[in-house]
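My entries follow the display.

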Amino acid sequence: MDQVERARDLTRRLLAESIPRRWSHSQGVGRKAESVAHLVGDDAAALVASAWLHDVGYAPDLVKTGMHQLDGARYLRDVAKVDDLVCRLVAHHSCAHIEARNRGLSDQLAAEFPPVEGLLSDAITYADMTTTPDGEPVEVEQRLAEILSRYGAGDVVAESIREASPLIIGSVRRVSALLGTG
């Protein structure tokens, strides 16, 4: 079984029954990553696998810190024994460093999972932030507005997304430009 197939199967096992809407989102993010994977060369499989796995930290049995990126990456590293690059992409997807700081988890995130920068980071953010909770394509600004609305003012996720919005939009714009759509 290849890395992407394993990621898809693991995500299905963790999310399909317990959080079906999150499973739908993960399917859409996986498909979106597949559509841009050619941009990252030899890291294509890691990108697509991390896109499928990016939200497994929401699975009820995996929630420890409340920060899904860190909880998911820890599970993937410690239990599922997933590739280090994939774990790092999951840990840092969509500007997670901002939420980590706002939750007091920055040191843990940085120490356990060195950040991935550049096009690979942009590509997973693009895949996540241009996909609705139901797995459909969406413009980044609509996706950000949906997250803010879903979590509400004062919530740490909403405040972190609000702060990260310019960085997220920048990632999406860079990938869109490479695709010739931005």
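These are my notes, entry by entry, on a predicted model.

**Entry 1: the nonpolar core**

I started with the largest nonpolar core, which has 57 residues. I then asked which residues have the most contacts inside it. They are Leu14, Leu47, Leu53, Leu76, Met129 and Ile168. I also looked up where the largest share of this core comes from: helix α3, residues 44–53, gives 7 residues.

Leaving out residues up to four places away in sequence, Met129 touches Ser94, Glu139, Val140, Arg143, Leu144, Ile147, Ile161, Ile168 and Val172. Ile168 in that list is also among the core residues with the most contacts.

**Entry 2: helix α8**

Is helix α8 mostly covered or mostly open? I found it mostly covered, with 10 of its 11 residues buried; the helix runs over residues 119–129. The buried set is Leu120, Ser121, Asp122, Ala123, Ile124, Thr125, Tyr126, Ala127, Asp128 and Met129. I next checked what these residues pack against. Their partners are α2, α3, α5 (84–92), α9 (140–151) and α10 (156–179).

**Entry 3: Asp128**

I picked Asp128 from α8. Asp128 counts as buried because its relative accessibility is 3%, against a cut-off of under 20%. What do its side-chain polar contacts reach? One joins the side chain of Asp128 to that of His25, at 2.9 Å. Another joins the side chains of Asp128 and His54, at 3.3 Å.

Asp128 is in contact with His25, Val29, His54, His93, Ser94 and Arg143. For Val29 I took the spacing as well. Asp128 and Val29 are 99 residues apart in sequence, yet their C-alpha atoms are 5.4 Å apart in space.

**Entry 4: Thr130**

I moved on to Thr130, in the loop between α8 and α9. Thr130 has a relative accessible area of 5%, so it is buried. Where does its side chain make polar contacts? The side chain of Thr130 meets the side chain of Lys32 at 2.8 Å. It also reaches the backbone oxygen of Tyr126, at 2.6 Å. Setting aside neighbours within four places in sequence, I find Thr130 in contact with Lys32, Glu136, Pro137, Val138 and Val172.

**Entry 5: Glu34**

I looked up Glu34 in helix α2, residues 20–36. Is Glu34 buried, partly exposed or exposed? Its relative accessibility is 39%, so I log Glu34 as partly exposed. Beyond its neighbours within four places in sequence, Glu34 is in contact with Arg8, Val48 and Trp52. I also took one C-alpha to C-alpha distance: Glu34 and Thr132 are 16 Å apart in space and 98 residues apart in sequence.

I checked α3 against α5. The angle is about 50° and the axes are 9 Å apart. That angle makes α3 oblique to α5. The contact is made by Ala46, Leu47, Ala49, Ser50 and Leu53 of α3 and by Leu85, Val86, Leu89 and Val90 of α5. The crossing of α3 past α5 is right-handed. Leu47 and Leu53 were on my list of core residues with the most contacts.

Then I checked α4 (68–78) against α5. The axes are 7 Å apart, at an angle of about 165°. So α4 is roughly antiparallel to α5, since the angle is over 145 degrees. This crossing, too, is right-handed. On the α4 side I noted Gln69, Gly72, Ala73, Leu76 and Arg77; they meet Cys87, Val90 and Ala91 in α5.

**Entry 6: positive phi**

Most residues other than glycine have a negative phi.

Lys81 has a positive phi of about 55° although it is not a glycine. Lys81 is found in the loop between α4 and α5. With 59% relative accessibility, Lys81 counts as exposed.

Cys95 has a positive phi of about 65°, and it is not a glycine either. Cys95 lies in the loop between α5 and α6 (96–103). Is Cys95 buried or exposed? Cys95 counts as buried, at 12% relative accessibility.

Note on methods
Residues numbered from 1 in each chain as written. Predicted model: local features only at pLDDT ≥ 70, side-chain atom pairs only at ≥ 80, totals over all residues. Heavy atoms only, no water. Core = buried A, V, L, I, M, F, W, Y, C linked by side-chain atoms within 4.5 Å. Buried < 20%, exposed > 50% of the residue type's maximum accessible area, 1.4 Å probe, protein only. Helix = DSSP H or I, 4+ residues; strand = E, 2+ residues; numbered from the N terminus. Contact = heavy atoms within 4.5 Å. Polar contact = N/O pair within 3.5 Å; in protein donor to acceptor, adjacent residues only side chain to side chain. Axes fitted to C-alpha atoms, helices over the stretch in contact; angles between N-to-C directions. Parallel < 35°, antiparallel > 145°, perpendicular 65-115°, else oblique. Left-handed = near helix turned anticlockwise from the far one by under 90°.
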